Amino acid sequence: MTASCAIRLNSTLTAEQKALFQSPDQIRNVLATARTIAIVGLSTEPQKASHFVASYLQDAGYRIVPVNPRGGVILGETVYGNLAEIPFAVDVVDVFRPSPDVDVLAATAIQIGAKVLWQQLRINNIAAATHASEAGLVSIIDACIKMEHGRYSGGLHTVGMNTEIVTARRLRSPGSAF
Amino acid sequence: MTQPRSFGFETRMLHAGHVPDAETGARAVPIHQSTSFVFHDTRHAAHLFELKQYGNIYSRISNPTTAVFEERIASLENGTGALAVASGMAAQLTTFLTLLSPGDEIVASSHLYGGSVTQLTHTLKKLSLKVHFVDPRRLENWEQAITPRTRLLYGEIIGNPRGSILDVEPLAKLGNAHRIPLVVDATFATPYLCRPIDWGATIVVHSATKFIGGHGNSLGGVIVDSGKFDFSSFATLADPSDAYHGLRFHDTFAHYAFLMKARVETVRDTGACISPTNSFLLIQGLETLSVRMERHVQNALRVAKFLDAHPKVAWVSYAGLSDHPDHALAQKYLPLGAGAVFTFGLLAPTPADAREKGKQLIERLQLFSHLANVGDARSLVIHPASTTHQQLSEEELIRGGVGPEMVRLSVGLETSEDLLWDLDQALEGIS
């Protein structure tokens, strides 16, 4: 991995919190290594943000695991009632639930051996994030996993957004930006 | 692990928005002169149309060359993203059409480019949008014009043609207090001289045709969003969109909502898109922006001082001069220079005489090109009352400060002594 550009926009965190919970190096490493992403609070409605994110992640080659008490099937994947019911390992727990709910989710994520606890945009339970970090997980808060993937894979750039990436190095192959 | 790096303005002028591609490694930005782009498969196509994937469909909506221009200008303005369109007029109209619904109101500065006054007054009226023009120099004027239907505040950072400076910071605060976004046209400043987002503006628009392109060869406009305004209760962005099966842009795209909607609804439907070749030429302009603007403002100040001391000149309105009423504002918002477009008035006993002398001056100039544009590398001259602002009524001309004696200059990059020589010989020849 080459040196990272500072990502300063669209964050409500302090510089110190950003260094802990929105580190570009950690985010790029998560996107490069994760394969299975549990999405807690994934909606069945195709026009909801969580559905956009899940379908995008599938297109990007990740396996998504819907977690929602309603059960059923979303985007071709079996829905589990909670994280503990998932019968296989997940790399990332991606949270679309209000901040107070993240305390319990962090504890479960640690329990099931997830490697990353990712709180989506505007979800910023610092205590839960710290708890997960202390247990050895990578903790990301107040960031969208789709936007971050789009930042480094070139997608956000195609729609004119400021990725804040500045480099004169040639891309080696698609996805090498991670 | 090294500390993440924040790069400087000049570095971003040259590099932001363009990573050399894996296939060719082309160092200059390639011109993707293609109307349309091949899908990977049917699922990819469907997801692009549903906005579930980022990617190019058709150059009316997005284009790889244009994306470099967009991201680069967003970076220079410290914005969250940008949308390039056909012209500066298209940039402001796209902003209005994206944010407003019939019955909504705008409070706008009266110190605007004449074409903008016409667009706001006549074209927006056809869409049932109402505009209140205010003298921008007093904050109370803005506040008093705000009604429960006001959805947008609009002004130019350097007003065309009188060169008044918009006091962005208190105006942005007023907007925030009323939950109304402030849109600032920063064409005359460029992001090198002023970045309105840093002072609280919500959205910045440019006619990129001017100093950004800088060579008078390409039309283009651009809209930059700060990503900082809370649009969660703003009907056009928060309510379900009929054009996308009930998609709520603010819920789904958050700080990208305004720009996404402007792109995939407004420009998709109006067709006010930019050509990829123009985007390329505007990118070329951006790569030398700081170097050109430094010389533009240096020459402009020299020319302004020369005219100020000339016996045939009644007044010079350049905020870079210490006796200009907005000089303090210029020092605050434009510390590197108050732009390179300004006006001056010829000494004349009557309006008719002033008009005649203005014509004589323009006829005698040898280096200043007489045309309707600003922001070229070459020096330009025009008589606004009979050209750029001629569609305005007498009352509108007075409100915009456009008198018959007024001559507007856009000072270029020529040898400054030659510009002074030209003005001097032309002024001397006036009878």
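This is a predicted model: local features need pLDDT of at least 70, side-chain atom pairs count only at pLDDT 80 or more; totals for chains, interfaces and linings use all residues.
**The whole of chain B**

Begin by selecting chain B and colouring it by secondary structure, which comes to 17 helices and 12 strands. The radius of gyration of the chain is 22 Å, close to the 22 Å that the globule rule gives for 431 residues, so chain B is as compact as a globular protein of that length. Of the 431 residues in chain B, 54% are buried. Among contacts in the chain between residues at least 6 apart in sequence, 72% join residues at least 24 apart.

**The side that touches chain A**

Next, display chain A as well. Here 45 residues of chain B are in contact with 35 residues of chain A. To find the chain B side, select helix H1 (9–15), helix H3 (64–76), strand S1 (81–85), helix H10 (249–253) and helix H11 (257–270), the elements that each give two or more residues to it. The largest contribution is that of H3(B), with five residues. Colouring this side of chain B by residue class gives 17 nonpolar, 20 polar and eight charged residues.

Two packed helices are described by the angle between their axes and the distance between the axes.

**An enclosed strand: S6**

Move on to residues 203–207 of chain B, strand S6. Is this strand enclosed or open? Five of its five residues are buried, so S6(B) is largely enclosed by the rest of the structure. B:Ile203, B:Val205 and B:Ser207 point one way from the strand, whereas B:Val204 and B:His206 point the other way.

Strand S7 (residues 221–225) of chain B runs antiparallel to S6(B), with five bridges between them, and B:Val224 of S7(B) stands opposite B:Val204.

Finally, switch to a backbone view. Most residues other than glycine have a negative phi, and most peptide bonds are trans. Select B:Asn160 and B:Pro161: the peptide bond from the former to the latter is cis, with omega near 5°. B:Pro161 is in the loop between strand S4 (150–156) and helix H7 (168–177) of chain B.

Then centre on B:Thr190, which has a positive phi of about 60° although it is not a glycine. B:Thr190 is in helix H8 (residues 190–193) of chain B. Is B:Thr190 buried or exposed? With 29 C-beta neighbours inside 10 Å, B:Thr190 counts as buried.

The last stop is B:Ala254, another residue that is not a glycine, with a positive phi of about 50°. B:Ala254 is in the loop between H10 and H11 of chain B. This residue has 20 other C-beta atoms within 10 Å and is therefore buried, the cut-off being 20 or more.

Key:
Residues are numbered from 1 along each chain as its sequence is written. Chains are lettered from A and ligands numbered from 1 in the order in which they are written. A residue is buried if 20 or more other C-beta atoms lie within 10 Å of its own, exposed if 12 or fewer, and partly exposed in between; C-beta atoms are placed from the backbone. Helices (H or I, at least four residues) and strands (E, at least two) are DSSP runs, numbered from the N terminus. Two strands pair if DSSP finds at least two bridges between them. Two residues are in contact if their C-beta atoms, placed from the backbone, lie within 7 Å. Ala, Val, Leu, Ile, Met, Phe, Trp, Tyr, Cys and Pro count as nonpolar, Asp, Glu, Lys and Arg as charged, and the others, Gly among them, as polar. The radius of gyration is taken over C-alpha atoms; the globule rule is 2.2 Å times the number of residues to the power 0.38.
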